[in-house]
Every structure is written in structure tokens, then in C-alpha cells.
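This report walks through one protein model, moving from the single chain to the way its two copies meet. Please keep the sequence and the 3D view open while reading.

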There are 2 protein chains.
Amino acid sequence: MASSMSSAFLAAKSTTSANPFPRSRRPAHAADRLGFPVPHLPGIASGSGRVVGIERRGRNVFRAHGPIRVGCSLIEPDGGALVDLVTPAGPAREARRREAALLPRVKLSRIDLEWVHVLSEGWASPLRGFMREAEFLQTLHFNCLRLGDGGAVVNMSVPIVLAIDDAQKRAVGDQRRVALVDANDNPVAILSDIEIYKHNKEERIARTWGTTAPGLPYVKEAITNAGNWLIGGDLEVIEPIKYNDGLDQYRLSPAELREEFSRRNADAVFAFQLRNPVHNGHALLMTDTRRRLLEMGYKNPILLLHPLGGYTKADDVPLSWRMKQHEKVLEEGVLNPETTVVSIFPSPMHYAGPTEVQWHAKARINAGANFYIVGRDPAGMSHPIEKRDLYDPEHGKRVLSMAPGLEKLNILPFRVAAYDKTQMKMAFFDPSRPQDFLFISGTKMRTLAKKRESPPDGFMCPGGWKVLVEYYDSLVSSESDKLCEAVPA
Amino acid sequence: MASSMSSAFLAAKSTTSANPFPRSRRPAHAADRLGFPVPHLPGIASGSGRVVGIERRGRNVFRAHGPIRVGCSLIEPDGGALVDLVTPAGPAREARRREAALLPRVKLSRIDLEWVHVLSEGWASPLRGFMREAEFLQTLHFNCLRLGDGGAVVNMSVPIVLAIDDAQKRAVGDQRRVALVDANDNPVAILSDIEIYKHNKEERIARTWGTTAPGLPYVKEAITNAGNWLIGGDLEVIEPIKYNDGLDQYRLSPAELREEFSRRNADAVFAFQLRNPVHNGHALLMTDTRRRLLEMGYKNPILLLHPLGGYTKADDVPLSWRMKQHEKVLEEGVLNPETTVVSIFPSPMHYAGPTEVQWHAKARINAGANFYIVGRDPAGMSHPIEKRDLYDPEHGKRVLSMAPGLEKLNILPFRVAAYDKTQMKMAFFDPSRPQDFLFISGTKMRTLAKKRESPPDGFMCPGGWKVLVEYYDSLVSSESDKLCEAVPA
């Protein structure tokens with residue numbers, strides 16, 4: 001990875017390692033609420049979010065509704081300013097460290113640490129720590145939080161909570177501050193002005209996933225065996241979270257991403273969330289999106305290619321391999337490094353479909369994205385015990401388009417791409433000639449890679465495919481591949 | 001019941017039978033958004049609804065935040081105008097009836113008919129019919145609906161949907177209008193501009209109840225065996241829904257209630273939702289609320305005593321017996337008939353706790369109430385398979401205070417009343433002398449009534465208690481008591 005020469009990767013690398021940004025930055029500019037009214041897609045009625053009709057021959061749609069007003073500053077983060085919870089290096093940090101040594105301790109799991117990372121950099125702005133009960137309840141019931149006294153509403157769809165068990169609760173007693181420690185008992189953060197409340201797992205799961213069926217990956221990993229209490233409070237992180245897996249340089253914070261977009265003079269940022277290898281259908285979509293944004297009047301739309309870096313289920317391709325694959329995609333020119341920023345999104349994955357896609361979009365607003373690409377069944381999976389998709393594949397983008405607090409985000413629905421046998425490349429599906437198209441599912445792709453077979457020419461760039469084949473080879477040669485996954489340290 | 005002389009009942013009766021209101025009325029006046037900022041209760045942080053600090057020595061609390069501004073018109077219904085879906089009598093109605101005879105038919109269950117009733121009178125304003133998918137999704141995910149293009153948000157927490165099975169779906173085919181018929185195949189309404197979409201029961205249940213445990217009463221009654229499709233559309237009700245159970249005169253519509261409140265020159269309306277007999281603790285709370293509202297500067301606060309009249313679970317006291325009991329409470333002077341309106345709320349009961357209490361409050365806004373009394377564990381019940389309350393008893397009022405779309409409603413938290421042995425009457429619980437108080441639960445009350453034993457003097461007015469004892473006697477003497485329950489016809 002160190003040898004990567006793509007400027008998409010270089011940008012990330014240079015900004016982080018050579019020129020680290022101060023943690024506290026000026027607040028981002030006022031939102032560039034793109035004032036062009038755009039019609040909802042057919043069937044997306046009563047929505048609140050802007051659904052950009054990019055799959056309906058953009059120009060005409062937009063022209064019919066008045067001139068396009070193109071903003072030139074980045075979208076405002078939720079709550080007006082990015083939250084930064086990392087204590088500055090120096091005497092303050094040392095004082096926190098000394099204090100932490102004397103406080104009751106709460107041990108963090110790997111996923112807890114990922115959430116500390118997420119919170120510390122302001123991905124969940126304006127949230128300033130693990131949720132107290134008022135925030136937890138608003139998240140479960142309304143997927144949004146109201147700020148202050150009758151203030152604005154920000155989206156918040158997944159609970160960001162920290163579970164403790166009875167013994168830990170007893171140990172905390174009446175104290176108002178606790179130390180959060182990693183697996184080696186090193187203090188990572190202080191949680192202050194704490195509130196301990198009941199962890200009703202059943203209700204949390206039912207309201208977040210819309211099912212309580214056994215086998216939901218995040219539930220098995222992080223909820224079933226977690227404690228029966230939740231502890232909320234304000235977070236003061238002692239030092240930036242690092243994973244020491246060779247990928248930390250690609251973990252740009254929202255502030256760093258905003259700085260990078262400003263440096264590149266981006267006048268639009270369109271985010272693409274993914275947890276899978278990039279094939280040429282994805283790439284077509286991304287390049288086509290840029291083309292459409294240019295047509296709409298933007299001068300320099302920048303793509304944020306933003307693989308999820310936290311917990312994923314066992315059969316997803318691990319982050320390190322996905323990053324290698326993405327690197328090849330850039331290297332081989334499938335995406336243009338000049339207009340692409342590749343960075344890692346540190347959140348763990350819930351696989352909570354329509355509920356989670358809101359979180360994925362909201363976090364990207366905080367990183368400066370004002371356009372969000374959403375596909376079929378985002379954050380979805382198969383039902384854990386029934387033979388069907390857990391979520392209606394269309395609900396994700398519909399719910400996203402209606403979500404409170406995401407009104408300022410422009411939602412770009414995925415156009416369906418498939419392998420066009422007549423052109424021998426990935427192309428947008430043409431319903432007038434369905435017989436010419438081949439749909440290659442994720443399962444099909446994995447099966448081919450496992451068998452070291454090649455997909456049709458033009459499905460994925462050769463270097464990217466080679467990485468996938470290597471990954472599945474490595475699985476066969478070693479059962480211990482899971483050790484390769486990043487663990488926050 | 002016909003002999004009731006309380007003016008609370010008389011009012012209801014006379015307005016409905018002697019002087020029926022025209023169905024289409026002028027829209028209610030602009031909202032009297034009571035402009036006094038009041039602090040939230042301790043522990044109710046980040047809420048959006050006004051929680052009136054009535055249990056914290058009201059005057060001082062309010063005075064500290066500026067003068068009270070008392071409105072003199074009724075609160076505005078959600079969406080600005082009450083929905084009225086009943087076709088006017090005359091040629092239009094006859095035309096609908098003729099048309100209905102020719103349309104595909106969807107048979108309504110008892111609960112479906114109750115929802116037709118609820119919708120037809122505008123309790124769910126601005127909803128104009130059974131939910132289409134966009135409304136269903138917003139209800140499940142956000143407990144609210146956004147009006148029009150970026151418009152205001154109204155609360156809507158329980159899905160009001162109509163299920164059909166595969167055969168009915170096939171019968172509807174491509175038609176845009178269907179007839180809704182009762183158990184005797186009589187057309188009740190036409191549903192137009194219909195949309196048929198999947199009925200994901202598991203997701204609906206999980207997101208509405210926060211559990212999928214078997215044994216939820218409404219689920220067993222109305223969802224488990226319902227069809228796998230939902231049909232939404234605009235409702236045109238052919239004639240007003242009647243039950244012919246001797247209680248129709250007490251079923252005032254929101255428009256009729258508003259007329260009654262105006263007639264009485266109400267400058268505040270405080271609603272009390274109940275599905276249980278009224279004991280003197282309830283009565284104390286209601287009279288004390290009125291006293292406090294007078295202290296706040298209102299000249300004529302009117303109580304809406306509003307028993308739920310739709311589906312309830314088998315062990316709840318049936319509506320007809322509850323109405324008899326409420327009548328005694330008025331007759332015996334426990335509540336003042338001059339400042340009380342007793343009417344029946346036609347909604348079926350979900351027992352969905354914090355989700356449902358929002359519906360209960362929202363519907364009362366539409367009926368003109370600007371204050372809503374909320375107690376411990378509203379719309380709650382025991383967990384169907386675990387030995388615990390299904391919901392945290394405090395969550396109902398907290399969620400209500402934070403619910404989007406209910407900001408204009410003033411929420412009055414219940415003060416805990418219990419039997420004060422030193423005074424031999426129901427009184428507000430005094431935590432400084434807990435030994436003096438006796439808590440008489442619903443279960444305890446039922447057990448006493450079943451055994452024909454008397455509760456302590458002062459727990460309930462004698463006439464009201466007698467009704468309860470008679471009800472349980474009737475259960476013993478006949479297993480067929482359920483036939484007494486109202487069925488919409």
C-alpha cells in the first residue's frame with residue numbers, strides 16, 4: 001500500500017502524515033443549501049430529503065424548476081460546528097491521563113473503541129459522547145435529535161451507546177466521571193457527567209432493526225452478551241485513536257476531509273459509502289454522477305470514496321483487502337485520482353438497512369458531503385432466519401429521502417448497472433433489451449473469485465480482481481485470516 | 001344510561017342528538033400556542049414538547065420565566081383544518097352507494113371499521129385515508145409525517161393501515177377504487193387512488209411495539225392473521241359510522257367536541273385518556289389540574305374525560321360498563337359536570353406504550369385539547385412472556401415530551417396519587433411519609449370487585465364501585481359477556 005501512487009491516496013496520506021491538521025478548526029462555512037427545487041422520484045411521495053432526479057435526464061428536470069444555484073462552500077456540519085473530543089496534546093492531556101488512573105474503569109470492546117473513534121472526530125456531531133437516555137429514546141423513536149430548546153433537528157438513527165454490567169455499575173457507584181480503558185487497561189478517554197440507565201436490549205434491537213430474529217451480526221457481536229445497563233456522558237478522549245494496521249494514514253477525520261475538499265476547491269462533494277470491492281458498475285455510476293454534477297453547473301465535484309472501516313460481518317471482505325482493491329481501481333485509471341478522495345469511515349456496521357443508511361448519510365454531511373449516492377438495499381442483508389431480504393430493497397432510499405434532519409443533503413439514487421454483453425462492459429441497465437444484460441451478484445462475484453475464475457471482461461479492472469482472488473486464496477491457505485483485521489489500539 | 005342527568009353527559013347527548021352539527025365546519029382558530037417557556041422536569045432533557053411543571057409548585061416556576069400568555073381560541077388541528085371524510089347526505093351519498101355496489105370489495109374487520117370511524121372524523125388529521133407506503137414508512141421510522149413540500153411535521157406514531165390477502169389483491173387487480181364493506185357486505189366507504197404494498201408484519205410489529213414477542217393483544221387480534229398486503233388510499237365514507245349500542249350519542253367527533261368547547265367558552269381544554277374505571281385518585285388529579293390552570297390565569301379550563309371506545313384486550317372492563325361507572329362519578333359529584341365533557345374516543349387500543357401515547361395525545365389536539373395529562377406507563381402492559389412491564393414506566397411521558405409534531409401541546413405529567421390512610425382518602429403521595437400510603441393497583445382493584453369486597457372508604461365513589469361489582473358479577477353469571485361489547489355496524 002505504501003507504494004500507491006494514486007493522488008487520491010496520496011492526498012489522504014500527505015494531509016495526514018506530512019501536514020497534520022490542528023484538531024480544532026474554524027467552523028465550516030454556512031451550508032450551501034442548494035436551492036434548486038427538484039421533483040421527487042415517482043413513488044417517493046411525502047419525502048423531505050431532496051432526491052435529485054439524476055436518473056431522469058437531469059437537465060430537463062432541473063431546468064423546469066428554475067435556475068440552478070451552485071454553492072461554493074462546504075455544507076454545514078450538523079449543529080453548526082464539528083465536534084472535536086480529543087484533548088489537545090500537552091499539559092491538559094497529561095492531566096487527563098493522571099486523572100483517568102484514579103477513576104473507576106469501564107473496559108471497552110473493539111466496537112466500543114470504534115464508537116469512541118467516531119464520536120471523538122465529530123462524525124456524529126453534535127453528539128458529544130455516548131448517548132444518555134434522552135438521546136437514546138429520541139434515536140429509537142424518531143431517528144433524530146432536537147437541539148436545545150425547541151431548536152433544529154439533526155438526524156441520528158443508530159444508538160451510539162456504551163453497555164456496562166451490574167458489577168461495573170456497582171463499581172461506578174455515585175461517581176460522576178469514569179475512565180474508559182482498552183483491552184490492555186490503558187485509559188483511552190474519560191466519560192463525564194454520566195448517566196446510567198437500563199439497557200432494554202429487546203426494545204433496542206426491535207426498534208433499530210425492525211426484527212428480533214437471532215443471528216443479526218452486530219447484535220451477536222455487541223449486544224447479546226453486553227451488560228444490562230447503558231452509561232452515557234460527555235467524552236474526553238485522551239489521544240487520537242490509532243489502529244497501527246498500516247491504514248491509519250487513510251483514516252481522515254471529518255475536519256481533515258473538509259480541509260482536503262477545500263484545498264481541492266471542491267464546489268460539490270458526493271459521497272459513496274461501500275463495504276465491498278469496487279467493480280466497474282460502481283465506477284460507472286461514480287463517473288456518471290460527476291458528469292451530471294458538471295452538467296448541473298458545478299465546476300469541481302469531488303468524489304469521496306469512503307469504505308467503512310469498523311466492524312463488518314465475517315463474510316465481508318476485510319478492510320485491508322478492500323483498501324488494496326480500491327488502490328488498484330485508482331491506479332488502473334477506472335476512477336480519476338484528481339477528483340477522488342479515498343478515506344476510511346471508522347464506523348462499525350449495523351446491517352440495519354433503512355435505519356442505518358441515515359447514519360451513513362448523516363456522518364458524511366459532517367465530513368463535508370452535500371450529495372449522497374444511495375443504491376438498492378443499502379446496509380441491508382438477508383433475513384437471518386427467513387429466505388428473503390431483511391428489508392425491502394427500495395425502502396432504504398425512500399426512508400433516506402424522508403428522514404428528518406437530512407433535508408439539506410441531496411440524495412442521488414443509484415442507477416442500476418449490469419454487464420452489457422453486447423458492449424462487453426458494465427453499463428446502465430436498459431429495460432428495453434433485458435436479454436443483453438447479465439447481473440453479477442456479490443455472491444456470484446465471491447464464488448468466481450474463490451474458484452479463481454475470471455468474471456467477464458470489463459466487470460472489474462484486472463488488478464482489482466487479482467486482489468480479490470489473492471484474498472480468497474489467503475483464506476484457503478490460512479484459517480487465521482481474521483488476525484489481519486484492524487483492531488483499534 | 002338514558003337517565004343520566006349530569007351535564008357532562010347531557011352536553012354530549014344534547015349536542016349529538018338534539019342538535020347535530022353539520023359535518024363540515026369552519027376551520028378552528030389559529031393555535032393558541034401558549035407562549036410561556038416552562039422548564040422541563042428533571043430528567044426530561046432534550047425534549048421538544050412542553051412539559052408543564054405542574055407538579056413543581058407551578059406559580060413560581062412559571063413566574064420565573066415571564067408572564068403567562070393565555071390564549072382564548074382552541075388549538076389548531078394538525079395540518080390546519082380538520083379532515084372530514086363523510087360524504088354529505090343526499091345525491092352525492094347516493095351516487096357513492098351506487099358506485100360502491102360495482103367496485104371490487106374489501107371486507108373490513110371490527111378493528112378496520114373502528115379505524116374507518118377514526119379517519120372519517122379527522123382524529124388523524126391531516127391523514128385522509130388508510131396509509132400509503134410513504135406514510136407507513138414515516139410512521140414506523142419517524143413517528144411523524146411531513147406535510148407537502150418541506151412543510152410542517154405532524155405527529156403520527158401508529159400505522160393506520162388496511163391489510164388484504166392475496167385473493168383480495170388479485171380481485172382488485174388494476175382498479176383504482178375499491179369498496180370497503182362491513183361484515184354483512186354493506187358498503188361502508190370507497191377507497192380511491194389506491195396503492196397496494198407489502199405488509200411486512202414482523203417489521204411493523206417490531207418498530208411499533210419494540211418487541212416481537214407472541215401475545216401482544218392487538219397483534220393477535222389484527223395482524224397475525226391479516227393479509228400480506230396493505231392497501232392505502234383516500235377514504236370517502238358513505239355515512240357516519242354507528243354502533244347502535246346505546247352509546248353512539250356519546251361518540252362526539254373532533255368537530256363536535258370543538259363546538260362544545262367553544263359553546264362553553266373554554267380557554268383551555270385538558271384531556272384525560274383512559275380505558276379504566278375512574279377512582280378518586282384520578283379525580284383528584286383532574287380537579288387539581290383545573291385548579292392549577294386557573295392559577296396560571298385561565299378563566300375556564302374544561303376537562304375532556306375521554307374513555308377509549310375501540311378494541312381493548314379481554315381483561316379490560318368493557319366500554320359499556322366503564323361508561324356506566326363514569327356516569328356515577330359525575331352524578332355523585334366527584335367531578336364537576338359543568339367543567340367536564342365526557343365523550344368516547346373511537347380508536348382501538350394498541351398497548352404500544354411510548355409509541356401509542358403519542359397517538360392518544362395527537363388525536364386530542366385534533367379534538368381541541370391543548371393540555372394532555374400523562375401518567376405512569378401510558379398505554380403500557382405487562383410483557384407478554386417475561387415477568388416485567390413491557391415498557392419502562394417513565395418512557396411514555398418522556399417520549400411524549402420529545403415527540404416531533406407535538407410541540408404545541410402542553411404535557412401535564414401525572415402526580416402519583418395513593419390512598420392516604422391518615423386522611424382516609426386518595427391524596428398525592430408524600431414521599432416524606434411513605435408508610436401512610438396504600439397503593440391500590442388495577443389488579444388489586446379487580447380482585448376486590450370480583451370478590452365483592454369493598455376498597456377502603458374514599459378510594460372510589462360508592463355508585464361507581466357498585467357498577468364495577470355488577471360487571472364482575474355479570475361475568476360470573478354469564479360467560480357470554482363479550483356479546484355486550486360494541487361492534488360497529
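Helices, of at least four residues, and strands, of at least two, are taken here as DSSP runs and are numbered from the N terminus. Counted in this way, the secondary structure of chain A comes to 15 helices and 16 strands. It should be kept in mind from the start that this is a predicted model.

## The chain as a whole

Chain A has 489 residues, and 60% of them count as buried. Its accessible surface comes to about 18,400 Å², and 52% of that surface belongs to carbon and sulfur atoms. When contacts between residues at least 6 apart in sequence are considered, 76% of those in chain A join residues that are at least 24 apart.

A:Ala100 is found in helix α3, which covers residues 91–102 of chain A. Buried means under 20% relative accessible area, and A:Ala100, with a value of 0%, is therefore buried. Which residues does A:Ala100 touch, if those up to four places away in sequence are not counted? They are A:Arg105, A:Ala179, A:Pro187, A:Ile190 and A:Ile238. For one of these, A:Ile190, the C-alpha atom is separated from that of A:Ala100 by 6.5 Å, although the two residues are 90 residues apart along the chain.

Leaving aside neighbours within four places in sequence, A:Asn280 is in contact with A:Val334, A:Met426, A:Gly458, A:Phe459, A:Met460 and A:Cys461.

## Salt bridges

Over all chains, the count comes to 74 salt bridges.

| Pair | N to O distance |
|---|---|
| A:Asp316 and A:Arg275 | 2.9 Å |
| A:Glu331 and A:Lys328 | 3.4 Å |
| A:Arg398 and B:Glu133 | 2.9 Å |
| A:Asp392 and B:Lys198 | 4.0 Å |

The side chains of A:Asp316 and A:Arg275 meet in a salt bridge. A:Asp316 lies in the loop between β10 (301–307) and α11 (319–331) of chain A, while A:Arg275 lies in the loop between β9 (268–274) and α10, so this pair ties together parts that are 41 residues apart in sequence. Are these two partners buried or exposed? A:Asp316 counts as buried at 4% relative accessibility, and A:Arg275 is buried as well, with a relative accessible area of 14%.

The pair A:Glu331 and A:Lys328 has another setting, since both residues lie in helix α11 of chain A, three residues apart, which is about one turn of the helix. A:Glu331 counts as partly exposed at 40% relative accessibility, and A:Lys328 is partly exposed with a relative accessible area of 27%. Salt bridges can also be linked into a network, as they are for A:Asp288, A:Arg291, A:Arg292, A:Glu295 and A:Arg415.

## How the two chains meet

Chain A can be laid on chain B with an RMSD of 0.0 Å by a turn of 180° and a shift of 0.0 Å along the axis. That is the relation of a two-fold axis. Through which surface do the copies meet? Of the interface residues of chain A, 100% are also interface residues in chain B, so the copies meet through the same surface.

In this interface, 43 residues of chain A are in contact with 43 residues of chain B. The two chains bury about 3,500 Å² between them, with 46% of it on carbon and sulfur atoms. On the side of chain A, the residues that lose the most area to chain B are A:Phe142, A:Arg146 and A:Arg207, which together make up 19% of what that side buries.

Between chain A and chain B, 16 residue pairs are in polar contact, and seven salt bridges are found across the interface. The elements of chain A that give two or more residues to the side touching chain B are α5 (133–142), α7 (201–209), α12 (353–366) and α13 (395–402).

One of the salt bridges in the table, formed by A:Asp392 with B:Lys198, has its closest N and O atoms 4.0 Å apart. A:Asp392 lies in the loop between β12 (371–374) and α13 of chain A and B:Lys198 in strand β7 (residues 187–198) of chain B, so this pair joins two chains. At 22% relative accessibility, A:Asp392 counts as partly exposed.

Conventions:
Residues numbered from 1 in each chain as written. Chains lettered and ligands numbered in written order. Predicted model: local features only at pLDDT ≥ 70, side-chain atom pairs only at ≥ 80, totals over all residues. Heavy atoms only, no water. Least-squares fit on C-alpha atoms with pLDDT ≥ 70 in both. Contact = heavy atoms within 4.5 Å. Buried < 20%, exposed > 50% of the residue type's maximum accessible area, 1.4 Å probe, protein only. Areas by Shrake-Rupley, 256 points an atom, 1.4 Å probe, with all protein chains shown as cover. Buried area = accessible area lost by both parts, 1.4 Å probe. Polar contact = N/O pair within 3.5 Å; in protein donor to acceptor, adjacent residues only side chain to side chain.
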